[in-house]
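Have a look at the picture first, then try each task before you check the solution.

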Amino acid sequence: MKNNKMLFLSLLFLSLIGCKEESKFPLDKKYWDIEDYDYVIREIKFANPDEKLPTFDDPETKAIVEKFTDEQNFKVVLDDNQLGLKHRSELGQQFFNKWRDMVTIYNATDRTDKYLYEKEYLEVYNFGLELQIKYFKLGNDEIIERADDPNSLSVINTVNSNTGTLVNNMILYLNEINNEKAYTNAGLDLLASGIDTNFIELINTYPNYDYSDLVEKIDLMLKKTKSENIKQSLTKLKGLIKSKESNKSEKL
């Protein structure tokens, strides 16, 4: 009986610790805004360095990292056509600035150069890729909307330059393939899933863009990767780009 009581008290104590940990974060809110991210980033980034960061596999902190990487937090405002284009573009910039802090939180490696938080790191990275596609699209749409002549060469060049910056940012994600040994097989599968989801959306959002630099990167990574899932994802992506190029040629 005494042992059972001690076990109960221990479990209660751990439960209270978990509740206290979660209570620091605004988990009761349906969506996190810029101020919430500002607070949460500080809480996680500057926590006791000996403490484990919130992870998906820890029942006590799972809800925190799930909310932290939930794309609905920015989609709910960036996809709201009732809000002004300029306002949404400015919010996109603010979310992007916060994401640049987010992506540095989970990038630690151990003594064997393996990621300590590979799933969290990649989920945060994919959060940022989807965010950037929407953010750059809003910025380009705002430029076109405010231009005297949306078809002018200066507007076209500006939009293409912005799109080029986005594509280069996306290519940085493929650099993780160079770091393949830092991931487990599950991590490599998640990396491949990020290519399937975000790069397909990129191509469909800008079907007429010249993706020659991206194709060159794909070819290099196809030679380097040992992951069959990544090879399949890269091959599928290259096929989509080529199909868009064929469609453009047929219309000329």
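**Exercise 1. Find the polar partner of the Lys244 side chain, then place Lys244 in the fold.**

Solution. Start with the side chain: Lys244 makes a polar contact with the side chain of Asn204, at 3.4 Å. (A polar contact is a pair of N or O atoms within 3.5 Å; within protein, one must be able to donate a hydrogen and the other to accept it, and residues adjacent in sequence count only if both atoms are side-chain atoms.)

Before going on, note that this is a predicted model, where local features need pLDDT of at least 70 and side-chain atom pairs pLDDT 80 or more, while totals for chains, interfaces and linings use all residues. Residues are numbered from 1 along each chain as its sequence is written, and side-chain values use heavy atoms, with hydrogens and water left out.

Next, widen the view. Skipping residues up to four places away in sequence, Lys244 touches Ile203, Asn204 and Pro207 (contact means heavy atoms within 4.5 Å). Lys244 itself sits in helix H10, residues 228-251. (Helices are DSSP runs of H or I with at least four residues, strands are E runs of at least two, and both are numbered from the N terminus.) Finally, compare sequence and space: Tyr209 is 35 residues from Lys244 along the chain, and their C-alpha atoms are separated by 9.3 Å.

**Exercise 2. Work out whether Asn73 is buried or exposed, and list what it touches.**

Solution. First locate Asn73: it belongs to helix H4, residues 72-78. Its relative accessible area is 2%, so Asn73 is buried (buried is under 20%, exposed over 50%, partly exposed in between, with a 1.4 Å probe and protein chains only). Then check its contacts: apart from neighbours within four places in sequence, Asn73 meets Lys30, Tyr31, Trp32, Tyr37, Lys67 and Phe95.

**Exercise 3. Check the length of H7 against what its residue count predicts.**

Solution. Take the 22 residues of H7 at 1.5 Å a residue, and you expect a span of 32 Å (1.5 Å times one less than the number of residues). The end C-alpha atoms of H7 are 31 Å apart, which agrees. While you're there, pick out its buried residues, among them Val155, Val159 and Tyr173.

**Exercise 4. Say how many helices and strands the protein chain has, and how much of it is buried.**

Solution. Count the elements: 10 helices and zero strands. Then turn to burial: 41% of the 252 residues are buried.
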